[in-house]
Amino acid sequence: MEILQQMPQLEAMCERLYTAQSQQERMHVEQVLGVFGQSIDHIVSLKAILDNTTSPYAQHMAATNLLKMATEHSLSAAVRLEMKQYFLNYLDSNGESLQHFVVVQIVQLLCRTVKLGWFDHESQRTIVEDTKCAFLEKGTPGHYLLGLRVLNTLVQEMNVATPGRTLTQQRKTAINFRDTCLFKVFQLALIALQDMLSKGADNRLKEQGLALASQCLSYDFVGTCLDDSSEEICTIQVPSSWRPVVEEPSTLQLLLDYYKTTAPPLSNVALECLVRMASVRRSLFTSEQERLAFLNRLVNGTREILRTKQGLAEHDNYHEFCRLLGRLKTNYQLSELVAVDNYVDWIQQVADLTINSLNSWQWASSSVYYLLGLWSRLVSSVPYLKGDSPSRLDANVPQITQAYITSRLESVGLVLQNSLLEDMLDNEEQLSEQ
């Protein structure tokens, strides 16, 4: 094949593409190599490059152009199916020796090919089982990492719109994936996390496992395409088939254990997963008793963190932990919270954390929003509280109010002394929210 005879020159040109010092040189190389992405006739040549080069630059160039063709051109079902199998085999044979940026591109190429061919043939829809067999069951850390990466990218790819695809096409594929595969992926993530925790696996593996669990819990279950940064929509519409895993006590405990035994970024991803778990819809649970048992585990898990302060010196952990506390009142009534075990100690610990956050406003200003939102919703619920269980709000809210006013007044003097400090009182939107 002619492409093989030109491989040394091609590899040199690909290296220049990524390492050229001048913009003019890079544009010239892009123009020359751009021919590979213009026609599906070049698929054979690009696969030949992948099969015969050890240059990461040539590998990345080939994968990039294959991704471009898979996305922009209408390939036949047979071609897409053959490409899926080819990329699985390629990652199986070469994945452990590839540079990270090449792996990322080829994994995305595999997942994009599968997504676009989802309804071509049933063999496309066996990707989860294929990944399990090809990577997760191989027994080597490198293959295991590849398998988790493939599943991570697959869930992400299914959850976001692909250029050139209509919203209807996107939802049809995403919903079918949700109904047939997503729960299997979430179960694989939990099994992997449990296995890695017991064996003391490498942090790269743990990071992929936690990211996979977070991707599954962050899936757009109902097609609303909402931004996760919005705190207004706080209920996660997990399908009923997930009920046994959500109700299983070991699921929450596993995520709490990961928080306790890791550092950022792993620990705050574990907290992100807990935020999502705290947000599952009320109707998911078998009964009110199961739901309150779940709340008990959440409250006492956060109480233990509040008591020991473990990990809260890390800003990322602190911020995500405050989000978790805020979500508890969003999804549960005050009457349900006061009924949990150790509520009085928990609410006192939360009050102490809030006061410390207000006094440490230079460090925790972005996290205070969630804590003040929690107290605001707690106070709003007092008129509807029935029964004899003490809420302890009467003792804590005045202290929090005093700390809020005092800290804001003290900030004025500090800002006047140091103009580099952020003036919280200048932010009218933030003030109105608080």
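**Before starting**

The model is predicted, so local features are given only where pLDDT is at least 70 and side-chain atom pairs only at pLDDT 80 or more, while totals for chains, interfaces and linings use all residues. Residues are numbered from 1 along each chain as its sequence is written, and side-chain values use heavy atoms, with hydrogens and water left out.

**Stop 1: the whole chain**

Show the protein chain as a cartoon. It has 21 helices and zero strands; both are DSSP runs numbered from the N terminus, helices being H or I with at least four residues and strands E with at least two. The C-alpha trace spans about 80 × 55 × 45 Å along its principal axes.

Switch to a surface. The accessible surface is about 20300 Å², and carbon and sulfur atoms hold 50% of that area; areas come from the Shrake-Rupley method with a 1.4 Å probe, and for residues only the protein chains shown count as cover. Of the 434 residues, 49% are buried (under 20% relative accessible area; exposed is over 50% and partly exposed lies in between, with a 1.4 Å probe and protein chains only). Among contacts with a separation of 6 or more, 74% join residues 24 or more positions apart, a contact being heavy atoms within 4.5 Å.

**Stop 2**

A pair of aromatic rings is described by the distance of the centres and the angle of the planes. The structure holds 13 such pairs. Rings of Phe, Tyr and Trp (its six-membered ring) pair if their centres lie within 6.5 Å; planes under 30 degrees apart are stacked, over 60 edge-to-face and the rest tilted.

Select Tyr86 and Tyr90. Their ring centres are 6.1 Å apart and their planes at 25 degrees, so this pair is stacked. Both residues sit in helix α6 (residues 77–94), four residues apart, which is about one helical turn. Tyr86 is buried at 13% relative accessible area, and Tyr90 is buried at 4%.

A charge sits over a ring if NZ of Lys or CZ of Arg is within 6 Å of the ring centre and within 35 degrees of the ring normal. For another example, select Lys172, which lies over the face of Phe119 at 4.8 Å from the ring centre.

**Stop 3: Phe221 and Trp242**

Phe221 is buried, with a relative accessible area of 3%, and Trp242 is buried at 1%. The ring centres of Phe221 and Trp242 are 5.5 Å apart and the planes at 90 degrees, so the pair is edge-to-face. Phe221 and Trp242 both lie in the loop between α11 (203–217) and α12 (243–247), so the pair ties together parts 21 residues apart in sequence.

**Stop 4: cysteines**

How many disulfides does the structure hold? There are zero, a disulfide being a pair of cysteine sulfur atoms within 2.5 Å. Select Cys14 and Cys322: Cys14 is buried at 0% relative accessible area, and Cys322 is buried at 0%.

**Stop 5: Thr53**

Select Thr53, in the loop between α4 (43–52) and α5 (56–72). Thr53 is buried, at 6% relative accessibility. A polar atom of its side chain lies 3.0 Å from the backbone nitrogen of Ser55. Leaving out residues up to four places away in sequence, Thr53 touches Met7, Glu11, Ala58 and Gln59.

Notes: Polar contact = N/O pair within 3.5 Å; in protein donor to acceptor, adjacent residues only side chain to side chain.
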